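Hello,

Here is the structure we talked about handing over. Please look through it first; my notes follow below.

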Amino acid sequence: MSWYRPADVGFAARAKLADLGYGARLFLRLLASLPSALRRFGLVRDQIHFMGNYSLAIIAVSGIFVGFVLGLQGYYTLQRYGSSEALGLLVALSLVRELGPVITALLFAGRAGTSLTAEIGLMKAGEQLSAMEMMAVDPVQRILAPRFWGAVIAMPLLAAVFSAVGIIGGWVVGVVMIGIDAGSFWSQMQGGVDVWLDVGNGVLKSAVFGFAVSFIALLQGYEAQPTPEGVAHATTRTVVVASLTVLGLDFVLTAMMFSI
């Protein structure tokens, strides 16, 4: 006797396709909500403050320690080849191209993404979303859209803070502690970092990560079971799915940017 039935496989595949279709429709609704979100920008501003300002501490502290580590590891690696003066260029390129957007997105998923999922899930469990629908208020426009666009705007700003603080951390280790010439540190960085190819690609990555992380967090909260266990599972799924999505998108975007 077979351990599975073809009908079960078909039912599972159809359910997954239905979930993908539901997620795609919700994503398109969130994108279409931009004009209404701009008309009520105060709601978006509050979410930028909630997610961006409250995530600033962990972003800044993580950025400076990543800069410290890059400074140490980069110096001992470059010293073998007599290129320790290029430490500033190494630190800057590593941060603005890769580490800044990626680590910021991972930290943002763990800090703000879980908060969004828990908030939306608790509102669903408390039937607040259903009450809004009963009053002819669209919860997607009123609740989800400001949080979505607030996260999209906050992500590149946080990534810029992470990269800037990380560069300062690399300067502290390389110039203040080790003794690399400060002029060489900054001049190599200014001459080797391109605004459009390096900084621009980093900003593009962080914006894409902002779309992905915020959408996953809102989708998990909006689809969560209205029970304490359901909200807890949705919060866990947000961290796992958002982290894997960020790492996968980073590979795809890097391959596309360097192949052009």
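**What I found**

From the N terminus on, the elements of the protein run α-α-α-α-α-α-α-α-α. That comes to 9 helices and 0 strands. Helices (H or I, at least four residues) and strands (E, at least two) are DSSP runs, numbered from the N terminus. The C-alpha trace spans about 65 × 60 × 35 Å along its principal axes.

Some ground rules. This is a predicted model, where local features need pLDDT of at least 70, side-chain atom pairs count only at pLDDT 80 or more, and totals for chains, interfaces and linings use all residues. Residues are numbered from 1 along each chain as its sequence is written, and side-chain values use heavy atoms, with hydrogens and water left out.

**Helix packing**

Start with H3 (residues 41-79) and H6 (residues 139-178). Their axes are 5 Å apart, at an angle of about 25°. (Axes are lines fitted to C-alpha atoms, for helices over the stretch in contact; angles run from 0 to 180 degrees between N-to-C directions.) H3 is therefore roughly parallel to H6. The cut-offs: under 35 degrees is roughly parallel, over 145 roughly antiparallel, 65 to 115 roughly perpendicular, and the rest oblique.

H3 passes H6 in a right-handed crossing. (Right-handed means that the near helix is turned clockwise from the far one by less than a right angle; left-handed means anticlockwise.) By class, this contact of H3 with H6 has 25 nonpolar, 11 polar and 2 charged residues. Ala, Val, Leu, Ile, Met, Phe, Trp, Tyr, Cys and Pro count as nonpolar, Asp, Glu, Lys and Arg as charged, and the others, Gly among them, as polar.

H3 also packs on H4 (residues 87-125), at about 145° with axes 9 Å apart. That crossing is right-handed. The contact of H3 with H4 has 19 nonpolar, 7 polar and 1 charged residues.

H8 (residues 195-223) and H9 (residues 228-259) cross at roughly 155°, and their axes come within 9 Å. So H8 is roughly antiparallel to H9. H8 passes H9 in a right-handed crossing.

**Salt bridges**

How many salt bridges are there? The count comes to 6, taking a side-chain nitrogen of Lys or Arg within 4 Å of a carboxyl oxygen of Asp or Glu. Arg 29 and Asp 138 meet in a salt bridge, 2.9 Å from N to O. Arg 29 lies in H1 (residues 6-32) and Asp 138 in the loop between H5 (128-134) and H6, so the pair ties together parts that are 109 residues apart in sequence.

Best wishes
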